[in-house]
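Welcome! Let us take a friendly look at charged side chains and where they pair.

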Amino acid sequence: MDVALISDSHIPSREHEIPPSFRERIEVADHVIHAGDFDSKGALADIRHMATGLTAVSGNIDPQIGLPERATVELGGVTFVVTHGTGSPRGWADRVAAAVRDEADSSAVGVAGHTHELTDTVYEGVRLLNPGSVTGASPASRPTMLTATVEDGTLDVHQYEL
């Protein structure tokens, strides 16, 4: 199963659209995970239109968008806990790892955005993924995203930057 992991669209306040090459990756994915900060119901609708399947959470600028603060989804034998990671960049890993532990066990993978920094790390035994900003919205310096191949409980992650 191919999964596109994206976050921090910030459409229309900071950027106007997702780059075409990233749109293509989203459209061909079996499932899309979006870690919040769509910025508008229109941006959410656009992602829903592109995605075959979607797991999404609200970000700190999405209070009226109607999405949960956390979501858990099992894909290809891998459990993903999705949250935005809202708060100071300094405590981001603590907050995301705590969310994973609250929702699942430490074998689950945390997916969060907020910092706009592309990240694939293990923090206190929990794998944390941050796809950065799919549009390159400030403070990001470029658009980024992740894709993952998940099968039989294995996870292979690829990073993309424009």
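## Salt bridges in this model

Asp102 is exposed, at a relative accessible area of 56% (exposed means over 50%, buried under 20%, and partly exposed in between, with a 1.4 Å probe and protein chains only). This is a predicted model, where local features need pLDDT of at least 70 and side-chain atom pairs count only at pLDDT 80 or more, while totals for chains, interfaces and linings use all residues. Residues are numbered from 1 along each chain as its sequence is written, and side-chain values use heavy atoms, leaving out hydrogens and water.

Side chains of opposite charge can pair when their charged atoms come close. How many salt bridges does the structure hold? There are 6 salt bridges, each being a side-chain nitrogen of Lys or Arg within 4 Å of a carboxyl oxygen of Asp or Glu. Among them are these:

| Pair | N to O distance |
|---|---|
| Arg70 and Asp102 | 3.5 Å |
| Asp120 and Arg127 | 2.8 Å |
| Arg142 and Glu161 | 2.5 Å |

The Arg142–Glu161 pair links distant parts of the chain, 19 residues apart: Arg142 sits in the loop between strand 8 (126–131) and strand 9 (144–151), and Glu161 in strand 10 (residues 154–161). Helices (H or I, at least four residues) and strands (E, at least two) are DSSP runs, numbered from the N terminus. Arg142 is partly exposed at 28% relative accessibility, and Glu161 is partly exposed at 44%.

Back to Asp102: its side chain meets that of Arg70 in a salt bridge. Arg70 belongs to strand 4 (residues 70–75) and Asp102 to helix 3 (residues 92–103), so the pair ties together parts 32 residues apart in sequence. Arg70 is partly exposed, at 34%. A network of salt bridges links Arg70, Asp102 and Glu103.
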